[in-house]
Amino acid sequence: MSKKIGRNDKCPCGSGKKYKKCCMNSGRTFSTSHTQQQPRPFFSEYNSIDLLKSFAGLTLLAQNHGKNVRFEELSRMSLRNFTDDKPNVSQAALTTFLNENYPSHYLEDPVTNLFTDLITFYGGDYIIFPGITEGGSYVPSKLLTAIYNWPDSGIPDWFKSNCMHAALLILNLSDRVAARLGYGRYQFEKVESNLISIPDSTHLAELKAAVTFSEEEITQLLQSKQIAREALDMFVIDINDPELANDHIEESPLLTKPIIHHNGEYIITSPATLSYALVDFIHSEASTSGCLPAVSNAYHNVIWNYTQLHLKQLGFSGIDIPAISENTDPTIREAIYRFDDDKLAFVQYRTSGEATHEQRKQQIINSTLALPEFAGHQFMDISLISSMGKDMFFMYGNTVNSVSIGMPIYDFYTLVKLKEHDAIDLWNFANARDSQIPGSNMFGASFLDVFKVYKENDDSFYVSDDSSGVILHVEPGYAGSLYQEAKLLSDEHSATRLVEGRLANIPVTRKDKYAPIYCSIDELSAGNLNMAVEGFPLPVWVSPNKNSFDIPASARGLYFEMTDAIAFWLWQCQEFINADLSHLEQAPIAFRFEFEQEDRFNPIERNFERDPELAGHFNISIDGNTISISIPPAIIPYLYGADNQGERELTRQILRGINLLLEAQQKPTIENERINQIVDAAAPLGVKKKIFILDSADNLLLDPSNLTSHRYIQGYNVNTILNSLIPGLDNLCPPVGEITDKAVKTKLTRDVVMRVLLPMLQTTISQYPNEPLLKRLFNLNESLIHKREELRVKTPTRIACFVTQEQQTSDLQDNLAKLNQTTIAVRCLIEHLAAEPSTGNKIISTTAIDELVAIMNAIIDWGSMGDQIEFDLFEIEMGILPSGRIGTSKQLFREIFDPYHASKSKENVRDAQDTFEQVFPQLNPMEGSDVPESLDNAFTEEFGISFTRLCEVVNDLGIVAYSQPNACATMLKKDLYIEINKHDHTYTEEEFNTAIAYLSLFNRGKVHRVPAGFDNIDISPWRFNRRLSLLRKPLVLVDNPTDPDNPTVYWGFRQLLSSRTYWYDQCTTNRLRVSEDGPVQRVLGKLAQHNGKRLVESVLNEFETDDLVIDSEVPINPKSDLKNDTDIGDVDVLVIDTSTKTIYSLECKSMAPSRNIKEMIGEVDKLFGSDSEKGWIDKHVERDTWLKANLDQLSTKYDLDLSDYTVKSFFVTQEDMLTPYLKTRQLAMPFVTLYDLKEKGLEALN
């Protein structure tokens, strides 16, 4: 990225002024580019009016967006050489002139605005062309809001009247120009060339006509909008204005008087500066009339009001500090906020640049930190700069005892509208900036320019492997795409609604990116939940019949869900009913609903028997253009379930309401048959549903009770740790350069773990108190488990309502990658605390948890990498980089794991779709299978308690945990024994103690100590199948100093249930780590064989057709029909396809996919074997070879002539395995999964 001087940058001469107000046109340059010498003869050779129309029209081409400096100069030169008795310029002459003389301009920064923008004002929405005006519509929009909406502003009525005339004039002119060309709000296209784009003559003529208004058109506009002609005169320039000779482009009078009146025509010479001219008019009028203080105060109050709402959205929570209330300076607004357990933010909204503001900020921060209640806290100070559209110089510096951020208010507004960042992101950004690029001069770059670089590098300023101490140069305007994205995401405009019998334009913003459904932030903050559905021929609104503040907090979610659902189904019906609605009077339609017998909806009744007469329980009525829907409790059983029958009926009732409206206005109604057709098309019977009623009794993993918000691993912390590895290694680090020796690579990974990361974790974690930290981690773990289950359950409906299956697969892969990474790290941190309790007293914050999660994640990553190298699973390139990091090439890793994870994500989506009905078991009862008696007996023999009894303990512990007020349950062990016996089962004290011993992690003194009966695998966090893992032992015992025999037990019911599922999976796949050749191991081997048989049965079910000859478990040995000298095993499934003359030989293996390096090694060993023993693939290859050589025996056995048939052999697994993706192993035959066979049948083998 390169740096150039933008016209709004601080001037390099040191004056403190902006470049455009200082040396820009003085002849003194700071760039290799110079202002073009203007070729004056051209301007005197052609009709100036035609030139002005041409240049103005060309600004209305999206491909010319951002080339405004050139157009401003061209228009100014046309007026300076004014002549109206010369010929019009031809398209060819214009093209040649502009290409040769105006190919670029060094003062034109990259575009940050959209091509078209929008201002909502009296009368509705107005399209403007923001050009390169800073912030686009932001300043004029907020300024107009301040003048007309801020209460008790003290702004005189006559001033408001003058501004009203000016605003209506400018906004209507701009909107009419846009309408003539068919432009809508927020249009944008990438500018392909720096040359001025010139269309053909016909299109150019249309553009010129768009900026030209006849006397009659202007008169009609003024009269229809009741605009005084004097307002027009304020914006019309005198073509003889001496200021046109001023060579300072930024002081051109065309910026403030962009209209020319000549020979009965009005020409908008610069559509892209109309909004600028309006702001300048208001400012000048206020200044000359003495109203500027009142206008400025109202303007900044409006923005500060919005800013406080935006701060809340980012996670800042206001707190009262006495020093803040003492502020009497009208140029600042300020407050202190909490945004983490140990972090405060001092936010200062500044409208001037006095040094005293910095002094006040430092004083308040110091005095706050001195208060006892804020001991141990950290500060971030944020300066938000706002200047009401006029140039102003600001300085803000770093404060002591704080990290500092300064940004224009529009950057802050944009950051909020992106909906991707929070307060802690700003904290991390400031820390990364100060630690990683302290010497970088960000001259000319905005806050968002630098922030974008930070986010693009995964929350870091690590931009190059080639050197350390990078000095970062950021091009001004680099964040242009963020400004544009924020506008498009929010899509702010207005929608018309009846308010107290009068039409009002309500500002709205898009609810999400998937549907044209909008809501008003202002109204939401006032408790009014209204959603607008766009795309109809008239405005359509949906709302409940009461204010949100009057709805019980426990029911607000259901009200929001129902509002959203009605809006969604209206959108889905849109294409089918737009023609019908076009007959109605052009007044807004309002859908208002109520819940009949609301107490039956909150809490939801647990009676899910469906009433077949549901339709008759709805009550639909109209009052004017308001359609009221009374939603009966009979719908509840219909909303619970995998199908959308309830919402189909809701859609039908919505259409009934529309019919009542049509009938009242004596318009053709929608026939019943067509209503049914619309419902079938818009809401086909199936999983397309918006409202979820879930009974937590069905699946406690989905219960949201007592959960804190989930949070994934943060890139900032990951990168901070990567930067610390080499300094931590010190003299253990190899020299800069590539590392090729396997032993050196292995040692490096082990040193990173044992000499850097584990000591870092122990030092960091020891600062915090043990039990509060344990609770915090358990709470986070419970939230992550809930999030995983929520992603699974909502997958089918998200596909049905919004996205393609492919998109959901991709989104799910991204989500699960972050979720898995975080969950494993959090579990391992809990295990660490259980083994080696911490003893500190430092405040536990979100950023503290983030740091711990990142350290543990690094331990897992580097430990796993060491295994990969040691066991030759992957060829990992490694080296010490000049930048001060350890470099590892992940290309091969990505080539293997990216497609593998994509396949697993696709399987997850299929599973979610296939099992969606199981989410609602009360409508779809399922029979569970009993635990095999042999497994219970083996568990009793080996562990002293049966598997069934352990599951009963888990069930009862879950009941106890569910009744507690926090997601992390805690209880003294002796009290827990009493409590657990109050529930479904009773236990002797010995049985209870045995179960707790089996289920619990415990204090080992030091985390590296291996207790008796365990080994190093059990204490290594990067190993998956560990006996000292939270998955295996979901309880933690914390020592009780006053009663050593009565420790405190910590657990979460969601982890309990997850562990129970994990045990089952480990048992059925024969991967539960137990004593070798012990009673449990022997039983698990038999269970695995049973699973193999079930897979064979599932495969056979996919081939049930008359066209095939199918056989299973076909032996090849000396005694079977298919004879061989030795026993080479069975063909699990043999399929003969007579239509294609193909014999398919399928080897079915019910293998669970590898989840860590150790399991990958085991998977490879089983499939490929070793020097002493054949692997499964080689055995099946041997059978494949035999089949190809003995078609005659097959012909005899199946009484078919198979002599010219082709044999194809496959390996079939339950789900995708890692092995087929490994590049270091050549597969002798293809692998397919049961998923493939279910989706494609026999085609999967072709």
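Me: How far apart are the mean positions of the positive and negative charges of the chain?
Reply: This is a predicted model, so treat the number as a computed one. The chain carries 118 positive and 171 negative charges.

Me: What confidence does the model carry over the chain, as mean pLDDT?
Reply: Of the residues in the chain, 93% reach a pLDDT of 70 or more. There's one stretch to watch, residues 25-37, where pLDDT stays under 50. For the chain, the mean pLDDT is 90.

Me: How many contacts beyond four places in sequence does the model have for residues 25-37?
Reply: Over residues 25-37 the pLDDT stays under 50. The model still has contacts there beyond four places in sequence, and their number is 23.

Me: Why can the chain be called as compact as a globular protein of its length?
Reply: The secondary structure comes to 40 helices and 31 strands. For 1246 residues the globule rule gives 33 Å, and the chain is close to that, so it is as compact as a globular protein of that length, with a radius of gyration of 36 Å.

Me: Is Val1135 buried or exposed?
Reply: Val1135 sits in strand S28, which runs over residues 1130-1137. Beyond its neighbours within four places in sequence, it contacts Phe1103, Leu1108, Val1109, Thr1142, Ile1143 and Tyr1144. Buried means under 20% relative accessible area. Val1135 has 0% relative accessibility, so it counts as buried.

Me: How far apart in space are Val1135 and Ile1110, C-alpha to C-alpha?
Reply: Along the sequence, Val1135 and Ile1110 are 25 residues apart. In space, C-alpha to C-alpha, the separation is 4.6 Å.

Me: What is the relative accessible area of Thr269?
Reply: Thr269 is in the loop between strand S6 (265-268) and helix H10 (274-289). Skipping residues up to four places away in sequence, it touches Leu52, Ala56, Ser75, Leu254, Pro258, Ile259 and Ile260. Thr269 is buried, and its relative accessible area is 2%.

Me: Which residues does Ser845 touch, leaving out those up to four places away in sequence?
Reply: Ser845 belongs to the loop between helix H27 (805-835) and helix H28 (846-870). At 2% relative accessibility it counts as buried. Its C-alpha is 44 Å from that of Gly646, 199 residues away along the chain. The residues Ser845 touches are Asp340, Asp341, Asp342, Lys343 and Arg776.

Me: Which residues does the cis peptide bond with omega of about 0° join?
Reply: Most peptide bonds are trans. Pro603 is in the loop between strand S17 (589-595) and helix H20 (614-617). With omega at about 0°, the cis bond joins Asn602 and Pro603.

Me: What is the phi of Asp1077?
Reply: Most residues other than glycine have a negative phi. Asp1077 lies in the loop between helix H35 (1053-1068) and helix H36 (1079-1101), and at 63% relative accessibility it counts as exposed. It isn't a glycine, yet its phi is positive, about 60°.

Me: Phi of Asp1199 is near what value?
Reply: Asp1199 is in the loop between helix H39 (1191-1198) and strand S30 (1206-1213). Its relative accessible area is 70%, so Asp1199 is exposed. Its phi is a positive value in a residue other than glycine, near 55°.

Me: Where does Val177 lie?
Reply: Val177 is buried, with a relative accessible area of 0%. Not counting residues up to four places away in sequence, it touches Leu60, Phe129, Ala210, Phe213 and Ile268. Phe451, 274 residues away in sequence, is 36 Å from Val177, C-alpha to C-alpha. Val177 itself lies within residues 157-180, which form helix H6.

Notes: Residues are numbered from 1 along each chain as its sequence is written. This is a predicted model: local features need pLDDT of at least 70, side-chain atom pairs count only at pLDDT 80 or more; totals for chains, interfaces and linings use all residues. Side-chain values use heavy atoms; hydrogens and water are left out. Helices (H or I, at least four residues) and strands (E, at least two) are DSSP runs, numbered from the N terminus. The radius of gyration is taken over C-alpha atoms; the globule rule is 2.2 Å times the number of residues to the power 0.38. Lys and Arg count as positive and Asp and Glu as negative; His and the chain ends are not counted. The place of a charge is taken as NZ of Lys, CZ of Arg, CG of Asp or CD of Glu. pLDDT is the predictor's confidence in each residue, from 0 to 100. Contact means heavy atoms within 4.5 Å. Buried means under 20% relative accessible area, exposed over 50%, partly exposed in between (1.4 Å probe, protein chains only).
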